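Trainee: Before we discuss anything in detail, could you put the sequence and the structure up, so that I can follow each step against the coordinates myself?

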Amino acid sequence: MDVFEAVADDVRRDLLRALRAGSLSAGDLARVRDDVSRPAVSRHLRVLREAGLVEAVVAGRRRLYSLRPAALDPLAAFVAALTAPAPPVPARALDGLDLEVRRTTRERRAERGTTQQEESA
């Protein structure tokens, strides 16, 4: 499973938020969401491990899970690309617009000059 699929689930996002503070056991993580059973939390942790977002270390009879922030880099790059400012418009791209404004201005002046000449005659 890839990072995008793994973080698509709100329970897994909550587990990642909890792990931001430090390593936790599956039991501690099960208390993060009261509406999710311990076996379901274990399944979510497996998905997060497979995506490389968390790692598990055996400490005695417990398994402690910790966040691997570097695994979020593809997601961060995607969001950064979406929120990056648009590249500036090069000056040459506006040359045609400048030419059209000048032409229109000349035509309007010419029309006003013709109208003024007709009125004075």
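Trainee: Over how many bridges do β2 and β3 pair?

Mentor: Please keep in mind throughout that this is a predicted model. The two strands form a hairpin with 2 residues between them, and G60 in the turn has a positive phi of about 70 degrees. Within this pairing V54 stands opposite L67 in β3. The sense is antiparallel, and the number of bridges between β2 and β3 is 6.

Trainee: Which strands stand at the edges of the sheet?

Mentor: The open sheet has 3 strands in the order β1-β3-β2, with antiparallel pairing. β3 is joined to β1 by 2 bridges, and the bridge partner of L24 in β3 is Y65. Because each edge strand has a single partner strand, one side of each is left without a neighbour in the sheet, and these edge strands are β1 and β2.

Trainee: Is S66 buried or exposed?

Mentor: S66 lies in strand β3, which spans residues 62-67. Leaving aside its neighbours within four places in sequence, S66 is in contact with L19, S23, L53, V54 and E55. Its relative accessible area is 14%, and since the cut-off for burial is under 20%, S66 counts as buried.

Trainee: How wide an arc do the buried residues of α2 cover around the axis?

Mentor: In helix α2, residues 10-19, the buried positions are V11, R12, L15, L16, A18 and L19. They lie on the same side of α2, because the arc they cover around the axis is only 160 degrees.

Trainee: Which elements do those buried residues of α2 pack against?

Mentor: The start of the helix has a contact of its own, in which a side-chain oxygen of D9 reaches to within 2.8 Å of the backbone nitrogen of V11. As for the buried residues of α2, their packing partners include both helices and strands, namely α1, β1, α3, α4, β2 and β3.

Trainee: Which residues touch the most other members of the largest nonpolar core?

Mentor: In soluble globular proteins, nonpolar side chains tend to be buried together. Here the largest nonpolar core has 21 residues, and those that touch the most other members are L15, L29, V41, L45, L48 and L53. The elements that give two or more residues to this core are α1, α2, α3 and α4. To take one of the residues asked for, L48 is in contact, beyond its neighbours within four places in sequence, with A6, R12, L15, L16, L53 and V54.

Trainee: How far apart do the C-alpha centres of domain 1 and domain 2 lie?

Mentor: The domain assignment gives domain 1 as 3-73 and domain 2 as 87-119. The C-alpha centres of these two domains are separated by 63 Å.

Trainee: What separation do the C-alpha atoms of L99 and G60 have?

Mentor: L99 has its place in helix α6, residues 95-120. With a relative accessible area of 57%, L99 is exposed. Along the chain L99 and G60 are 39 residues apart, and the separation of their C-alpha atoms is 77 Å.

Notes: Residues are numbered from 1 along each chain as its sequence is written. This is a predicted model: local features need pLDDT of at least 70, side-chain atom pairs count only at pLDDT 80 or more; totals for chains, interfaces and linings use all residues. Side-chain values use heavy atoms; hydrogens and water are left out. Domain bounds come from an automatic or database domain assignment. Helices (H or I, at least four residues) and strands (E, at least two) are DSSP runs, numbered from the N terminus. Buried means under 20% relative accessible area, exposed over 50%, partly exposed in between (1.4 Å probe, protein chains only). Contact means heavy atoms within 4.5 Å. The arc is that of the directions from the helix axis to the C-beta atoms. A polar contact is a pair of N or O atoms within 3.5 Å; within protein, one must be able to donate a hydrogen and the other to accept it, and residues adjacent in sequence count only if both atoms are side-chain atoms. A nonpolar core is a set of buried Ala, Val, Leu, Ile, Met, Phe, Trp, Tyr and Cys residues joined through side-chain atoms within 4.5 Å. Two strands pair if DSSP finds at least two bridges between them.
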